[in-house]
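Visitor: I am new to this structure and would be grateful for a close look at a single part of it. Please begin with the sheet of the first chain and then describe what surrounds it.

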Amino acid sequence: MRVGVITFPGSLDDRDAQRAVRLAGATPVALWHGEHDLQGVDAIVLPGGFSYGDYLRAGAIASHAPIMAEVIDAANKGVPVLGICNGFQMLAEARLIPGAHTRNAHQQFIRRDQKLRVENTDTAWTNEYSAGAEIIIPLKNADGRYIADAETIKRVEGEGQVVFRYVDVNPNGSMNDIAGVSNERGNVVGLMPHPEHAVEAGFGPDTALAMSSGTDGLAIFTSAIRALAAV
Amino acid sequence: MPTIVVEVMPKAELLDPQGKAVAASLARLGKTQFTGVRIGKRFEVTVDGPVDDATLAEIRELAVDMFSNSVIEDVVEITVDGVSADEDLR
């Protein structure tokens, strides 16, 4: 199983995403924004960071990068695509998922270990979680406020496209505490927190058990492997 | 060289945290006659050659597809060297 991780100018967590793919049991493939070549990968990760300095709008310029033509095509064919943080913003800008992101309501950059509830376990990226599971993974963003018009919010809520929801604290003013959203088909998922930073004990968020021992993000990557194996 | 100006504003119903921060600053300065601030974007696009209908059509498309995100923003004005080129922007 080969999972491509696309590097854009200003990507920060591409290497971390590659590591998460490897720890999940798949082969990471480094892809480059400026090429029109997905190298035949089975799934795609758009990593976090500040692509193109987040000038214009977060993720906006990246959503027009050369390789995004192939990503959009693959997503529409059912290839699993995960957007993390800046990648989530790219998916929204590319209209692969509904809604948009604005500056955090409190105007501050925020970084915290964030509790989430997995609201939909039928997607390509969440099938290894149990329904309603609560997980803790790191969050770090400035433009994380998920918004959409009332009709869209009603639709994504009604169709089960809300995949992750913030629990206890809404860190950025996102509507309905929405932390992650999928497309209608469930192969494209975007979320603001960073599962790739919670995949290896010793390097994850603190848990009640031990410091830095949280690995709640790993199941996102193993879910994609399972989804691909089922095809 | 002609310049095309595209102006983009956050949608009226949306929270504009930047504008709110500036408005709060004005209130702290005692300038209470100014009751609200909204902050948008202005794009100045220089064009090599004359601006014809095809150029304008392309700019209108870019204004909607790239310069703004219709989920959160509106293109409020397009002008060419100061002359309005608005045409069903909203």
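Predicted model: local features only at pLDDT ≥ 70, side-chain atom pairs only at ≥ 80, totals over all residues.

Guide: In chain A, nine strands make up an open sheet, arranged in the order β2-β1-β3-β4-β11-β10-β9-β6-β7, and their pairing is mixed. The two edges are formed by β2 and β7 (134-141) of chain A, each of which pairs on one side only. From one strand to the next, the twist averages 25°.

At one end of the order, β1(A) and β2(A) run parallel and are joined by six bridges.

Helix α2(A) lies across β3, β4 and β11 (188-191) of chain A, and its direction is at about 125° to β4(A). Another helix to examine is α5(A), which has 13 residues. From its first C-alpha to its last, α5(A) reaches 19 Å, close to the 18 Å expected at 1.5 Å a residue. The buried residues of α5(A) are A:Leu218, A:Ala219, A:Ile220, A:Phe221, A:Ser223, A:Ala224, A:Ile225 and A:Ala227. These buried residues pack against β1 (2-7), β3 (43-46) and β4 (81-84) of chain A, and also against α1 of that chain.

Helix α1 (residues 14-24) of chain A meets helix α5 (residues 218-230) of chain A at an angle of about 65°, and their axes are 9 Å apart. The crossing of α1(A) past α5(A) is right-handed. On the side of α1(A), the contact is made by A:Ala20, A:Val21, A:Leu23 and A:Ala24, while α5(A) contributes A:Leu218, A:Phe221, A:Thr222 and A:Ile225. Of the residues in this contact, seven are nonpolar, one is polar and none is charged.

A:Gln39 is found in the loop between β2 (27-32) and β3 of chain A. Although A:Gln39 is not a glycine, its phi is positive, at about 50°. A:Gln39 counts as exposed because it has 11 C-beta neighbours inside 10 Å, and a residue is exposed if that number is 12 or fewer. A:Asp54 occupies the loop between β3 and α2 (68-76) of chain A. A:Asp54 is not a glycine either, and it has a positive phi of about 55°. With 18 C-beta neighbours inside 10 Å, A:Asp54 counts as partly exposed.

Finally, chain A has a partner. Twelve residues of chain A are in contact with eight residues of chain B. The side of chain A that touches chain B comprises five nonpolar, four polar and three charged residues. Chain B has an open sheet of its own, in which four strands follow the order β2-β1-β3-β4 with antiparallel pairing. Its edge strands are β2 (41-46) and β4 (83-84) of chain B, each pairing on one side only. Two bridges join the antiparallel strands β3(B) and β4(B), and B:Thr79 stands opposite B:Ser84 in β4(B). Strand β3 (residues 73-80) of chain B also holds B:Asp74, which is partly exposed, with 17 other C-beta atoms within 10 Å. The C-alpha atom of B:Asp74 is separated by 9.3 Å from that of B:Ala63, eleven residues apart along the chain.

Note on methods:
Residues numbered from 1 in each chain as written. Chains lettered and ligands numbered in written order. Axes fitted to C-alpha atoms, helices over the stretch in contact; angles between N-to-C directions. Left-handed = near helix turned anticlockwise from the far one by under 90°. Contact = placed C-beta atoms within 7 Å. Nonpolar A, V, L, I, M, F, W, Y, C, P; charged D, E, K, R; others polar. Buried ≥ 20, exposed ≤ 12 C-beta atoms within 10 Å, placed from the backbone. Expected span 1.5 Å × (residues − 1). Pairing = 2+ DSSP bridges.
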